[in-house]
Structures are given as C-alpha cells and as structure tokens.
Amino acid sequence: VQLQASRGGLVQPGGSLRLSCAASGSDFSINVAGWYRQAPGKQRQLVARIPEYGSTTYADSVKGRFTISRDSAKNTVYLQMNNLKPEDTAVYYCNVLIDFTNYWGQGTEVTVSS
C-alpha cells in the first residue's frame, strides 16, 4: 500500500489549506483514517480520525476549525483546515488502517506564519 499525501505549504494566520491522502495498491478500502501532526520538539499527536462507520474524532485544539472527510470510491482522506493559527505549524501525517495493517504517509509540512 502506498499513501500519497498532498503538499502542505506556507499559510498566513486565518488562512485555509486542504490536505489529501490517497491510498493505492490494495484491494481493500480504508477502515480507519487519521491525520496526526508533529511540531518541532513535540510528540506526534492525533489531529482527527474518521472511521469507516461512526463518528469522527478531533483534538480539542482543532475542533470547529478542521474537518476530516473521506471519499471511499477514491480511497482518499482529506483534512480541511480553516482559520489556521501559528500553533498549527507542524508536519502532518496521514495514517490509515487497511485490512488490519497500519500505514503512514510520508509527512507534509504546514507552516502558519505572516
């Protein structure tokens, strides 16, 4: 399974950015997908998670600003980030569970700065 994440970038505070992560190379669909982030000097933390069925989960710090979604037909998961803040600066990683196996994307850097 390969995960292809979109590029991040530099965004001004208050701006928006959408990340995507497409899974390929499997006959199975994504069971659970999530986005994590790791800021410099900090541990990787969960940002949002979306199961195949059920409710999504968000870190308190991003609730109301970030939205995770998925397109099952494309085996792709998205993270829409609005009203970005400097503290959202981090490397973002997608993570998917497919057929009982966990996969990580390569990480994409998001910098929020004026």
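I began with tryptophan 104, which counts as partly exposed because its relative accessibility is 39%, where buried means under 20% relative accessible area, exposed over 50% and partly exposed in between (1.4 Å probe, protein chains only). The model is a predicted one, in which local features need pLDDT of at least 70 and side-chain atom pairs count only at pLDDT 80 or more, while totals for chains, interfaces and linings use all residues. Residues are numbered from 1 along each chain as its sequence is written, and side-chain values use heavy atoms, with hydrogens and water left out.

I then looked up ring pairs (Phe, Tyr or Trp rings, the six-membered one for Trp, with centres within 6.5 Å; planes under 30 degrees apart are stacked, over 60 edge-to-face, the rest tilted), and found 2 aromatic pairs. The rings of tyrosine 93 and tryptophan 104 have centres 6.4 Å apart and planes at 85°, so I noted this pair as edge-to-face. Tyrosine 93 counts as buried, because its relative accessibility is 15%. Ring pairs link Tyr36, Tyr93 and Trp104 into a cluster.

Next I checked for charges over these rings (NZ of Lys or CZ of Arg within 6 Å of the ring centre and within 35 degrees of the ring normal). Arginine 44 lies over the face of tyrosine 93, 3.7 Å from the ring centre, and also over the face of tryptophan 104, at 4.7 Å from that ring's centre.

Last, I listed the contacts (heavy atoms within 4.5 Å) of phenylalanine 66: leaving aside neighbours within four places in sequence, they include Arg37, Val47, Leu79, Met81 and Tyr92.
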